[in-house]
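Thanks for asking me to take a look.

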Amino acid sequence: MEVGMHTDSKSRAETGAESGPRGPGCSLRHFACEQNLLSRPDGSASFMQGDTSVLVGVYGPAEVKVSKEIFNKATLEVILRPKIGLPGVAEKSREQLIRNTCEAVVLGALHPRTSITVVLQVISDAGSLLACCLNAACMALVDAGVPMRALFCGVTCALDADGTLVLDPTAKQEKEARAVLTFALDSVERKLLMSTTKGLYSDAELQQCLAAAQTASQHVFRFYRESLQRRYSKS
Amino acid sequence: FNTCFRTVEPLEYYRRFLKENCRPDGRELGEFRTTTVNIGSISTADGSALVKLGNTTVICGVKAEFAAPPTDAPDKGYVVPNVDLPPLCSSKFRSGPPGEEAQVASQFIADVIENSQIIQKEDLCISPGKLAWVLYCDLICLDYDGNILDACTFALLAALKNVQLPEVTINEETALAEVNLKKKNYLNIRTHPVATSFAVFDDTLLIVDPTGEEEHLATGTLTIVMDEEGKLCCLHKPGGSGLTGAKLQDCMSRAVTRHKEVKKLMDEVIKSMKPK
């Protein structure tokens with residue numbers, strides 16, 4: 001892997017603006033991704049969605065402690081560091097969500113008795129943090145060359161008091177929303193890998209959000225593809 | 001079946017049962033284990049409940065104390081849940097600081113309380129800006145055999161229904177709180193959130209209420225928390241194999257029936273507690 005090579009890829013969603021107020025309905029904020037920016041980890045990525053930014057480093061497959069080793073597959077560890085303060089119970093809960101999502105896509109059976117460590121650092125939080133963490137983790141795993149059966153992406157939906165759906169909400173929209181739903185979807189069949197929700201909502205609203213998230217995930221996957229194509233075509 | 005086969009090839013052993021649409025303990029794929037609940041067993045707590053879901057046993061104790069309300073919300077009290085998974089309940093837990101599973105369960109219960117608005121925090125305020133109740137809800141698992149989240153949610157709900165808070169008046173002259181232990185009121189429980197957990201097997205099959213062994217063999221888990229109007233408080237799917245929207249719909253309908261079963265059980269228990 002060439003040290004110090006940066007690929008800056010920027011992409012715009014179909015109807016979204018680069019920054020500033022979005023149109024009503026479904027559109028994602030401007031996102032950007034940089035890979036291979038840290039020299040020590042085997043893979044690293046920085047993902048920005050609007051003003052939310054997360055930096056991820058991946059180490060692996062590497063040596064694992066005997067107490068943690070699994071005989072037939074790789075042990076995945078996730079560490080999430082908040083921007084300020086010490087990691088608490090909420091971070092542990094998010095680490096479990098991210099870890100289980102990665103475990104579902106990473107082909108651990110190809111590297112038994114090894115460990116793959118994903119370290120996430122929150123640089124800035126302006127809404128949709130968990131989705132940004134998932135996207136950054138996926139890009140970093142790709143950068144590290146960890147074998148995966150599919151890519152995954154995170155999408156956040158917010159439902160406000162009158163039932164309007166907003167995708168990729170800002171921090172202000174999240175606070176005022178009645179419910180905030182975060183989904184992780186895989187790239188092969190758009191199946192639901194992970195879901196975590198806040199607030200009260202009905203069954204029909206859930207299906208609506210899931211459908212909107214599946215459409216939005218297409219933009220994210222297209223962005224991944226373009227960004228990787230640009231990177232490998234340069235070399 | 002030979003017990004050696006179960007130890008050597010647990011997944012294959014399970015698959016043989018799943019093919020016949022049942023499980024080794026004789027249950028159907030959509031059947032819950034026997035649920036029992038016992039309320040008010042801890043006399044030193046302000047409210048308590050013991051829930052057994054098959055072998056999984058969780059006890060919840062609620063203690064009420066005084067505290068100053070938060071400065072950014074002077075008319076609200078606090079509800080502080082904590083889930084403890086001690087080495088007593090299973091060999092996979094060691095003594096020491098709470099492990100990941102306990103922390104995740106605590107966060108889950110905190111989210112359920114917050115999302116479902118089971119208690120209006122304003123009801124816990126005694127004197128705005130000066131005094132409010134804080135309810136410490138401690139959930140301790142006594143026996144771990146899978147599906148800890150369902151048991152904890154049910155135990156919390158039953159314990160909160162059992163909590164009686166004494167009346168508190170602020171004496172205007174001394175500005176001290178006077179507690180009248182003779183006059184106690186039940187909490188105003190606004191909704192009844194009920195959790196239903198599923199385990200995903202081999203990316204396609206969904207089974208309800210997994211035991212400890214089933215959770216270990218499963219490729220994913222899903223927990224749905226629903227209240228009586230069919231509104232969802234929480235859809236907790238921590239990774240694992242993917243699910244389609246149609247499969248989620250099936251889970252929703254099962255969660256609705258489970259809510260009815262649990263509500264009926266709760267009402268029976270509360271009725272039996274009332275003095276005749």
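Predicted model: local features only at pLDDT ≥ 70, side-chain atom pairs only at ≥ 80, totals over all residues.

1. The values below are computed from its atoms.

2. Let's begin with chain A, where four strands form an open sheet in the order β8-β7-β9-β10, with antiparallel pairing. The edges are taken by β8 (165-167) and β10 (192-199) of chain A, each of which pairs on one side only. From one strand to the next, the twist averages 20°.

3. How many bridges join β7 to β8 in chain A? Three bridges do, between β8(A) and residues 152-159 of β7(A), and the two strands run antiparallel.

4. Now to the rings. Over all chains, a search of the whole structure finds nine aromatic pairs. One of the pairs is Tyr13(B) with Phe17(B): the ring centres are 5.2 Å apart and the planes lie at 65°, which is over the 60-degree cut-off, so this pair is edge-to-face. Both residues belong to helix α2 (residues 10-19) of chain B, and because Tyr13(B) and Phe17(B) are four residues apart there, about one helical turn separates them. Tyr13(B) and Phe17(B) are both buried.

5. Stacked or edge-to-face: how do the rings of Tyr14(B) and Phe201(B) meet? Their planes are at 10° and their centres 5.9 Å apart, so the pair is stacked. This pair links distant parts of the chain, with Tyr14(B) in helix α2 of chain B and Phe201(B) in strand β9 (residues 194-201) of chain B, 187 residues apart.

6. Are Tyr14(B) and Phe201(B) buried or exposed? The cut-off for buried is under 20% relative accessible area. Tyr14(B) has a relative accessible area of 2%, so Tyr14(B) is buried. Phe201(B) has 1% relative accessibility and therefore counts as buried too.

7. In chain A, ring pairs link Phe31(A), Phe47(A) and Phe223(A) into a cluster. In chain B, the charged end of Arg258(B) sits over the ring of Phe32(B), 3.6 Å from the ring centre.

Definitions and conventions:
Residues numbered from 1 in each chain as written. Chains lettered and ligands numbered in written order. Heavy atoms only, no water. Pairing = 2+ DSSP bridges. Axes fitted to C-alpha atoms, helices over the stretch in contact; angles between N-to-C directions. Phe/Tyr/Trp six-rings, centres within 6.5 Å; stacked < 30°, edge-to-face > 60°. Buried < 20%, exposed > 50% of the residue type's maximum accessible area, 1.4 Å probe, protein only. Lys NZ or Arg CZ within 6 Å of the ring centre and 35° of its normal.
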